[in-house]
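Here is a short briefing on one protein model. It moves from the overall layout to the sheet and then to the helix packing.

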Amino acid sequence: MPKVFTDDSSTLKPASLVRRLAAMVYDFMIVVAIWMVVGAIAVALNDGEAIASGTDEALLKSTLLVVTYLFFAYCWTRSGQTLGMLAWRLRVQHVEGRTLNWTESLIRFFSAGISFACLGLGYWAMLISDERLTWHDRWSNSTVVTLPKHKKD
């Protein structure tokens, strides 16, 4: 069940490219750590031998892709924030102001890969867009916003 955010939408600004990239660096480090754990499990299941055969290698790569998607989709559907986004006060949300569902997360995940694979053009597109949306924002009906700083009482 999607969570509806109660923030005043007038206080939320579109996230800048620099903040998005900074959050991506944080998340990349987390993903690499997850890959290392999955790789260690794969080697342990292969009797301590490195993964060498084509079938085992394909299975490992597929597993890494699925685990990476599950990391991002879980974060996006639960709170709208990965750990990198949390550190940079960013949140991904549906244009209607709610968390993404699993299907929207799947579209966002794979289209972000396309945005990146095209020499980052999908990300650079936000610099010429009035709405400051990337390709994958548009394709998944989502947006990344900067959250206001919390005021201490």
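**Overall layout**

The protein has six helices and three strands. Helices (H or I, at least four residues) and strands (E, at least two) are DSSP runs, numbered from the N terminus. The model is predicted: local features need pLDDT of at least 70, side-chain atom pairs count only at pLDDT 80 or more, and totals for chains, interfaces and linings use all residues. Residues are numbered from 1 along each chain as its sequence is written, and side-chain values use heavy atoms, with hydrogens and water left out.

- Along the sequence, the pattern reads β-α-α-α-β-α-α-α-β.
- The C-alpha atoms fill a box of roughly 55 × 40 × 30 Å along the principal axes.
- Of the 153 residues, 39% count as buried (under 20% relative accessible area, with a 1.4 Å probe and protein chains only).
- Take contacts (heavy atoms within 4.5 Å) between residues at least 6 apart in sequence: 71% of them join residues at least 24 apart.

**The sheet**

- Three strands form an open sheet in the order β1-β3-β2, with antiparallel pairing. Two strands pair if DSSP finds at least two bridges between them.
- β1 (13-14) and β2 (90-94) are the edge strands, and each pairs on one side only.
- β1 and β3 (residues 142-146) run antiparallel and are joined by two bridges.
- Lys13 stands opposite Thr146 in β3.

**Helix α1 against α2**

- α1 (residues 17-45) packs on α2 at an angle of about 140 degrees, with the axes 10 Å apart. Axes are lines fitted to C-alpha atoms, for helices over the stretch in contact, and angles run from 0 to 180 degrees between N-to-C directions.
- That angle makes α1 oblique to α2 (angles under 35 degrees count as roughly parallel, over 145 as roughly antiparallel, 65 to 115 as roughly perpendicular and the rest as oblique).
- From α1, Asp27, Ile30, Val31, Ile34, Trp35, Val38 and Ala42 meet Leu60, Thr63, Leu64, Val67, Thr68, Phe71 and Phe72 of α2.
- By class, this contact has 11 nonpolar, two polar and one charged residues. Ala, Val, Leu, Ile, Met, Phe, Trp, Tyr, Cys and Pro count as nonpolar, Asp, Glu, Lys and Arg as charged, and the others, Gly among them, as polar.

**Helix α2 against α4**

- α2 (residues 54-78) and α4 (residues 102-117) pack at about 125 degrees, with their axes 9 Å apart.
- α2 and α4 are therefore oblique to each other.
- Residues in the contact include Leu65, Tyr69 and Trp76 of α2 and Trp102, Arg108 and Phe109 of α4.
- The α2 and α4 contact has 11 nonpolar, three polar and one charged residues.

How values were computed:
Buried means under 20% relative accessible area, exposed over 50%, partly exposed in between (1.4 Å probe, protein chains only).
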